[in-house]
Amino acid sequence: MKTFGNIYIIAATSVIGGALFGFDISSMSAIIATQPYKCQFNQQGNDPETGQCRGPDDVVQGGITAAMPGGSWLGALISGFLSDRLGRKTSIQIGALIWVVGSILVCASQNIAMLIVGRIINGLSVGICSAQVPVYISELSPPSKRGRFIGMQQWAITWGIAIMFFLCYGSHFIDGQAAFRLPWGLQMIPAILLFLGLMVLPESPRWLAKKDRWEEAKDVLVLVHGKGNPHSQLVAKEMTEIREMVEFERSNADVSYKELFRPRMINRTHIGIFTQIWSQLTGMNVMMYYISYIFAMAGQGSDLLPSGIQFIINVVMTVPALIWLDRWGRRPTLLVGAFFMTLWLCVNAGLFAVYSRRSTPADHFDTAAISMVISGRPATAVIASTYLFVASYAPTWGPVSWTYPAELYPLRVRGKAVALATSANWAFNFALAYFVPPAFASITWQTYVLFAVFCFCMFWHTFFMFPETANKTLEEVAAIFENTNPGSIKHIGTPAWKTHNDRSIIRIERNMVSSEEKIGIEHSTTEPKA
């Protein structure tokens, strides 16, 4: 079977795993306000005045929504074992098959319990794919474009959100249960395409090298990075660095999660985990899950189109990161994003605090989570501020939160380390999905203040602790954390604020190195093989 080595094809196919997460977000956010959904899962009975179904209460709806990230937490944790044992590509294919099973259950769900079970199984799939797709892409991408290709995971998520939203929007004109069962069933198709597409893509060369399959590893590098040229200087450089790293780590080939918390590894472990935690504490995914609640407070009622505009902004504003993330670097991108998200969250908090009133039974809201009513120009400002928040997240923390953890770790722990970091993402996604409806019901606009404080804290945490990783090979990134570097700090390595975005790797990728540099690279490849 022919194997495709074009990195754009590899990335575009594998990030369908990210799109599954997007499908799940919209399959819930676009449906929870519709009558067919509420009537099928009508825990609260009918409204005595209007006769309409009220659906699940805010706590139960929080549990239904949180079931997927709960399953994703477990899926992310087990993905490390699957990835290390079976390979990056195979673990993603397993995730695709699990998604099909979960989607069947969700589509056929007859009650809340069955819906929750189906969403937990879907979550297992999303957890596996969201953890291992960035690892797979990072180990195949050229250093100067790694941010772009891993960032495509976030772009795929935004496309998944938008596609599923408008599919749900079209389906909500259908009478009866087909209004939500149709989109829930159609979301199986991308997972099937992901499984089949991966069959014609190569395995990670670094995983192959770790398994002593050196010829296969070199063949993949020649195919993907050398464009068929076995004498490519970039291939020679990467093979040398991979060999040195594998030989250095050989005595620690059997890795447990305990190693990630030992002194030499604890700093990068904490950075990877907090990158994912902070991405959740921005409140972005909460905005996506419960956007219909926010717009209902602003007087948009059950109209889905304002939410659709937000999802389109999310797709479009991720594009600049795909083009320029590797030029910007990781640190500046994260810092700018944290600053502007803090600003827009404070604006929304102020608008609701000053201009809103508490909702009353006369407003006929079917959940206590829609706890405020704001109208007129302040309502328009809330919607605009929400859009600007999304536009600030989409090119910054959105793509970087997937790119950054996959770059931090040495080969022997990468699969498990990224799985652990991603599991933190899903643990907080679960907690926030469950927490936000009761939070809006009880502390109203102060929910925005809480997320603004989180964004303020993440700015300073990033400034002092997150080093620059752009345009470095994965082996060079691992060296940043070594205590032997000049000016390094014990157990931390090179201070974050002293790291920079050096784009000289581009010359090697384009075979533009000088004769002296070529001699150095060629000499390093003549070392005896392991």
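Is Cys39 buried, exposed or partly exposed, and at what relative accessibility? Cys39 is partly exposed, at 39% relative accessibility. Buried means under 20% relative accessible area, exposed means over 50%, and partly exposed lies in between (1.4 Å probe, protein chains only).

This is a predicted model: local features need pLDDT of at least 70, side-chain atom pairs count only at pLDDT 80 or more, and totals for chains, interfaces and linings use all residues. Residues are numbered from 1 along each chain as its sequence is written, and side-chain values use heavy atoms, with hydrogens and water left out.

**The disulfide**
- The structure has 1 disulfide, a term for a pair of cysteine sulfur atoms within 2.5 Å.
- Its partners are Cys39 and Cys53, with an S to S distance of 2.1 Å.
- The link of Cys39 and Cys53 is right-handed, with 95 degrees about the S-S bond.
- Cys39 sits in helix H3 (residues 35-40) and Cys53 in the loop between H3 and helix H4 (58-86), so the pair ties together parts that are 14 residues apart in sequence.
- Helices (H or I, at least four residues) are DSSP runs, numbered from the N terminus.
- Cys53 is buried, at 9% relative accessible area.

- Cys346 is in no disulfide. The nearest cysteine sulfur belongs to Cys455, 8.8 Å away.
- Cys346 is partly exposed, at 44% relative accessibility.
- For Cys457, the closest cysteine sulfur is in Cys455, at 9.4 Å, which is too far for a bond.
- Cys457 is partly exposed, with 36% relative accessibility.

Note on methods:
Helix = DSSP H or I, 4+ residues; strand = E, 2+ residues; numbered from the N terminus.
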